[in-house]
Amino acid sequence: MKSSLTELDAVLVVARCGKFRAAAIELGVSTTALSNAVGKLERTLGVRLFNRTTRSVSLTEAGQQFVSQVAPALRDIHDAMDVVRSRQATPSGTLRINAFPTAAREIFSSLVLPFVREHPQVHIDVVTEGRMWTSSRVGSTSAYAALTAYRST
């Protein structure tokens, strides 16, 4: 059986907080859900990770070993996930704008140029009546001049 990151996080937070209730509040789950997650991991591993009494929770020897080995790895996993998620927040790829020359002129300086400056990892193609300006040219004033000078016949 495989363990989920949720179960591993649950064990680490309970170990850090020393109480199921405090850990449940920190994780935003019910105490029952947290207890079930920890219990599921303990069943999967076939060993108790915590000594539980009505008043306290402490790690068993196996729990101490498990937490000391899992904590750094789990931190690395979460860091890697954050890095990948941050890429999702940064626009990238190709944006193609097909427009009449007059419309392209209207949006060029007010929308396209500021967008190119803010998101350099986005490749922009502006197509007007079969002519294309790519982002390497779109960001230049010569492309704007060419687009402005271009007149539909």
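Because the model is predicted, local features are given where pLDDT is at least 70 and side-chain atom pairs where pLDDT is 80 or more, while totals for chains, interfaces and linings use all residues. Residues are numbered from 1 along each chain as its sequence is written, and side-chain values use heavy atoms, with hydrogens and water left out.

The structure holds one aromatic pair, where rings of Phe, Tyr and Trp (its six-membered ring) pair if their centres lie within 6.5 Å, and planes under 30 degrees apart count as stacked, over 60 as edge-to-face and the rest as tilted. The ring centres of Phe 20 and Phe 50 are 6.1 Å apart and the planes stand at 65°, so this pair is edge-to-face. Phe 20 belongs to helix α2 (residues 20-27) and Phe 50 to strand β1 (residues 50-52), so the pair ties together parts that are 30 residues apart in sequence; helices (H or I, at least four residues) and strands (E, at least two) are DSSP runs, numbered from the N terminus.

Phe 20 is buried, with a relative accessible area of 12%, and Phe 50 is buried at 1%; buried means under 20% relative accessible area, exposed over 50%, and partly exposed in between (1.4 Å probe, protein chains only). In α2, Phe 20, Ala 23 and Ala 24 are buried. These residues cover an arc of only 100° around the axis, which puts them on the same side of α2, the arc being that of the directions from the helix axis to the C-beta atoms. On the other side of α2, Arg 21 and Ile 25 are exposed. Just after this helix, Gly 28 takes a positive phi of about 75°.

**Salt bridges**

The structure holds five salt bridges, each a side-chain nitrogen of Lys or Arg within 4 Å of a carboxyl oxygen of Asp or Glu.

| Pair | Distance |
|---|---|
| Arg 52 and Glu 42 | 2.9 Å |
| Arg 85 and Asp 82 | 3.4 Å |
| Arg 96 and Asp 125 | 3.1 Å |

Arg 52 in strand β1 and Glu 42 in helix α3 are ten residues apart; Glu 42 is buried at 8%, whereas Arg 52 is partly exposed at 30%. Arg 85 and Asp 82 both lie in helix α4 (residues 61-89), three residues apart, about one turn of the helix.
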